[in-house]
Amino acid sequence: MDTAFNTTKEFAEALDKADVLHHVRDRFYIQPHEIYMDGNSLGLASKDAEASLLNALEVWKKEGIKIWNIEDSKYYHYSKHIASQMAPLIGVESDEVVIVGSTTSNIHQALSTFYEPTDKKYKILVDDLNFPTDRYAVDSQVRQKGLDPKNAVKVVKSSDGVFIDEDAIIEAMTDDVALILLPTVLYRSAQVLDMKKLTMAAKERDIIIGWDLCHAIGAIEMDLTQIDADFAVWCTYKYLSGGPGSTAGLYINKRHFNRNPGTAGWFGNKDETQFQLNHTFEHQPDASGWQVGTPNILSMAPLEGVLNIFNEIGMHAIRNKSLHITAYLMYLIDEKLSDYGYSVGNLRDDFKRGGHVCLVHNEAYRISLALKDKGVIPDFREPNVIRLAPIALYTSYEEVYKVVEILEEIAQDHLYEQYSNKRGLVV
């Protein structure tokens, strides 16, 4: 923690003046009288993303079906085009990335490809803190193999319901485990798992291992080539700001290019024979071979624009800003809010925390409602967590300062008591 911080507004203003990324904020649509702290759930729209989306619309309007053949077949190979922009964010070769589907459909695709249970090696190892969709997909794939999730899904339980013990995961890598699926960053507590350590342990035991990067990509630096995992999945609408439901990503380690996808479709067929329309699938031997249907151009187009920002700035600079501004937020919570029942629920070490701060309070839900009425957009997670995500590309230090002031006012004046504890449809 940076002990050079102080609690004055002037200090926050000085931090913004010194911030080398502060100008990037102008490339995003910041709403007046609103402080957006929920970019770890849905990133703000950027002008770059808007421009690439509008361009794709114009091309469609003008070209119609001819869209597939113009610009050296750019849109026909749109996944490969965007993969070349995405790959540097996770340290892999572009042909190991495919932009396709959703996080959940990509988990299904990966598991149906890599999960090959035998009588002795048939279990999938998971943790009990990951986002539920991962578990739904795992259980579903186990049933598809005629197995019972109660027997074939091995769950590493958190001892405190907040963090995962990496050594406990390794201890659970027994001879009957065939595959492992884990989150890189826990969605609630922002804990960063040691991907290298866990992947190495899995490989030593001849276990396939894949990673859910949803709360990691665009927030932390990663080198999946060095880590050498078998596969990874991620969404693109959180830190990457690809837009609501934007097309997701899938990484397939090149050593597996000889495998056939578990769920094959015509867009995974070799280019040379795709339009021969044969009824025998010929797998394209790279990650693009894991495509299923025609690319969703309008869902992918915003990514083309916003990824220009990421590659222009680089993940190292983004991560440095993220660590500094979240450290500043934690400092202010400690100094100004601890007397009101607030506490920091994430790990403090830089290498152990992701891109958001886990603010804990017994009245977290009602406080989150009060925050929204005060112009702050937070994110609540059961049972008592407000996730606050100062995004490196568009959140200012002065906004962080103002959020803490508002949190202090809400608690000091008991403003949360005006709100019901009844949960809304989306919390």
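**Close-up views of a predicted model**

**View 1. Helix 14 and its buried residues.** In helix 14 of this predicted model, the buried residues are Tyr397, Glu399, Val400, Tyr401, Val403, Val404, Ile406, Leu407, Glu408, Ile410 and Ala411. An α-helix has 3.6 residues a turn, so residues three or four places apart point the same way. Helix 14 covers residues 397-412, and its 16 residues should span 22 Å at 1.5 Å a residue, which agrees with the 23 Å that separates its end C-alpha atoms. After helix 14 comes His414, which has a positive phi, near 55 degrees.

**View 2. Helix 5 and the elements around its buried residues.** Helix 5, made of the 13 residues 132-144, reaches 19 Å from its first C-alpha to its last, and this is close to the 18 Å expected at 1.5 Å a residue. Its buried residues are Thr133, Asp134, Ala137, Val138, Asp139, Gln141 and Val142.

**View 3. A nonpolar patch on the surface.** Trp266, Phe275 and Leu277 form this patch, and together they have about 350 Å² of accessible area. One of these residues, Phe275, lies in the loop that runs between helix 10 (271-274) and helix 11 (297-313). Phe275 counts as exposed because its relative accessible area is 58%, where exposed means over 50%.

Technical notes:
Residues are numbered from 1 along each chain as its sequence is written. This is a predicted model: local features need pLDDT of at least 70, side-chain atom pairs count only at pLDDT 80 or more; totals for chains, interfaces and linings use all residues. Side-chain values use heavy atoms; hydrogens and water are left out. Patches are made of residues with over 30% relative accessible area and no salt bridge: like charges are joined within 9 Å, nonpolar side chains (Val, Leu, Ile, Met, Phe, Trp, Tyr) within 5 Å. Accessible areas come from the Shrake-Rupley method with a 1.4 Å probe; for residues, only the protein chains shown count as cover. A salt bridge is a side-chain nitrogen of Lys or Arg within 4 Å of a carboxyl oxygen of Asp or Glu. Helices (H or I, at least four residues) and strands (E, at least two) are DSSP runs, numbered from the N terminus. Buried means under 20% relative accessible area, exposed over 50%, partly exposed in between (1.4 Å probe, protein chains only). The expected span of a helix is 1.5 Å times one less than its number of residues.
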